[in-house]
Amino acid sequence: MQPLAVQPFEADSALSVDWQEMETDYLLSYPENIILTDSHLIIQDRRATDYLFHAINRNDGSLDFEFARRGNGPQEFIDATLNSYWDSERQMISFYDPGKRTLFYFQKQGIEYVLNDCFAFSRQKKIQLESEYVREVFVCDSDYILMGEHGAFDEKRFLVLNNDLQIINRCEDYPNIKDLLSNPAEDLRKILYGFSFFKISPNGEKAVFATYRGALLQFFDLNNYRDSIRNIRSYQLEYPIKKEQITEEHDGWVYGFEDVYVTNDFVYAIYNGETAEDNPMFGKYILVFNWEGKLCKSYQLNLSLRCLAVDEKLGVIYVVACTENTDFFIACIHV
């Protein structure tokens, strides 16, 4: 892959928008993700609670139910990535637990969600991944797309497994941003394997990868994933590290994306673009891209934004946000 050049986001082009707070009886702790259904905002929030998901009624803000219990039991989770997936057709939420190497499925039954299945990759003798650390597993049709570290992942970014758990494809090079890094091998590892997002469009045709550290953004075509996962476009929106800020107390990292939400038409991303020294809070911008990687719109808010979900039919962006003087709350933005 050709080296990526820095293409800075022009903050002056962002449109300032207003917001309205949504009242809720759920006390938000440290939300990480929002899943939007017809009736609920399902908040992924695991701090100070026994449950991963909290379903907030979109009409009155009430906490209707909670599910996915934390623990060491066979039906409980230990850890969860930031890439929980909502399958609207099957009314199912899935997420990967890298601690248990297990993919959990929760199916809608009535108004609640119950555990439908939990698939433990660590117990599957068919998978010949002995030296690898599988960090992410995504369902794609009847197959699986894996991302990870070491072993088979040293040379290629993605592994594709069929329903029988046989490897049918190794594909896609890692992004070439080594010239932008102080310690290329270690810094790239922190960018790719720290907090990051890989969101697949509802129709399963496209995916976007965005990093918290380093402000890397990539768009992929999944239409022929069994043969190749094509890189549509890649951005490096800011220098990954401000080297002049590196001290014993400060590592100089530029923080890129706080959250990403996707539809079949657009990618919505909360963007920071600053270091912790310049901005100790969260991102204040929402960037809207089409699936060709073109920036279509950008919004600026006087809030620190943690996560978001978008109802394109109603023209509403839901965000979990805070200010310097408030705890987290839910806000609605009409665009």
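The largest pocket is lined by 29 residues, and Leu36, Trp86, Ser88, Pro202 and Tyr261 are the ones nearest its centre. The structure is a predicted model, in which local features need pLDDT of at least 70 and side-chain atom pairs count only at pLDDT 80 or more, while totals for chains, interfaces and linings use all residues. Residues are numbered from 1 along each chain as its sequence is written, and side-chain values use heavy atoms, with hydrogens and water left out.

A pocket is an open set of points on a 1 Å grid over the protein atoms alone, with protein on both sides within 12 Å along at least five of seven lines, whereas a cavity is a set of points where a 1.4 Å probe fits but cannot get out; lining residues have an atom within 4 Å of a point. Strands are DSSP runs of E with at least two residues, numbered from the N terminus. At least two lining residues of the largest pocket come from each of β3 (33–36), β7 (85–87), β15 (196–200), β19 (254–262) and β22 (295–311), and β3 gives the most, with four residues.

The second largest pocket has 21 lining residues, of which Tyr85, Asp87, Asp141, Pro202 and Gly204 lie nearest its centre. The elements that give two or more residues to this lining are β7, β8 and β11.

A search of the whole structure finds one cavity of 30 Å³ or more. Among the 13 residues that line the largest cavity, Asn83, Tyr85, Ser94, Val137 and Phe138 lie nearest its centre. Two or more of the lining residues come from each of β8 (92–97) and β11 (133–140), and β11 gives the most, with four residues.

The table sets out volumes (the space filled by probe spheres set on the grid points, which are joined across faces, edges and corners) and residue classes (Ala, Val, Leu, Ile, Met, Phe, Trp, Tyr, Cys and Pro are nonpolar, Asp, Glu, Lys and Arg charged, and the others, Gly among them, polar).

| Space | Volume | Lining by class |
|---|---|---|
| Largest pocket | about 830 Å³ | twelve nonpolar, nine polar and eight charged residues |
| Second largest pocket | about 430 Å³ | eleven nonpolar, five polar and five charged residues |
| Largest cavity | about 80 Å³ | eight nonpolar, four polar and one charged residues |

Attention now turns to single residues. Phe257 lies in strand β19 and, at 0% relative accessibility, counts as buried, a term that means under 20% relative accessible area with a 1.4 Å probe and protein chains only. Leaving aside neighbours within four places in sequence, Phe257 is in contact (heavy atoms within 4.5 Å) with residues including Phe197, Leu237 and Tyr271. Gln107, in strand β9 (residues 102–109), is also buried, with a relative accessible area of 17%. A polar atom of the Gln107 side chain lies 2.5 Å from the backbone oxygen of Arg90.

The aromatic pairs number 29, where rings of Phe, Tyr and Trp (its six-membered ring) pair if their centres lie within 6.5 Å, and planes under 30 degrees apart count as stacked, over 60 as edge-to-face and the rest as tilted. Trp86 and Tyr113 form an edge-to-face pair, at 6.1 Å centre to centre and 70° between the planes. This pair links distant parts of the chain, with Trp86 in strand β7 and Tyr113 in strand β10 (residues 112–120), 27 residues apart. Trp86 is buried, with a relative accessible area of 17%, and Tyr113 is buried at 6%. Both belong to one aromatic cluster, whose members include Phe53, Phe95 and Phe106.

Definitions and conventions. Buried means under 20% relative accessible area, exposed over 50%, partly exposed in between (1.4 Å probe, protein chains only). A polar contact is a pair of N or O atoms within 3.5 Å; within protein, one must be able to donate a hydrogen and the other to accept it, and residues adjacent in sequence count only if both atoms are side-chain atoms.
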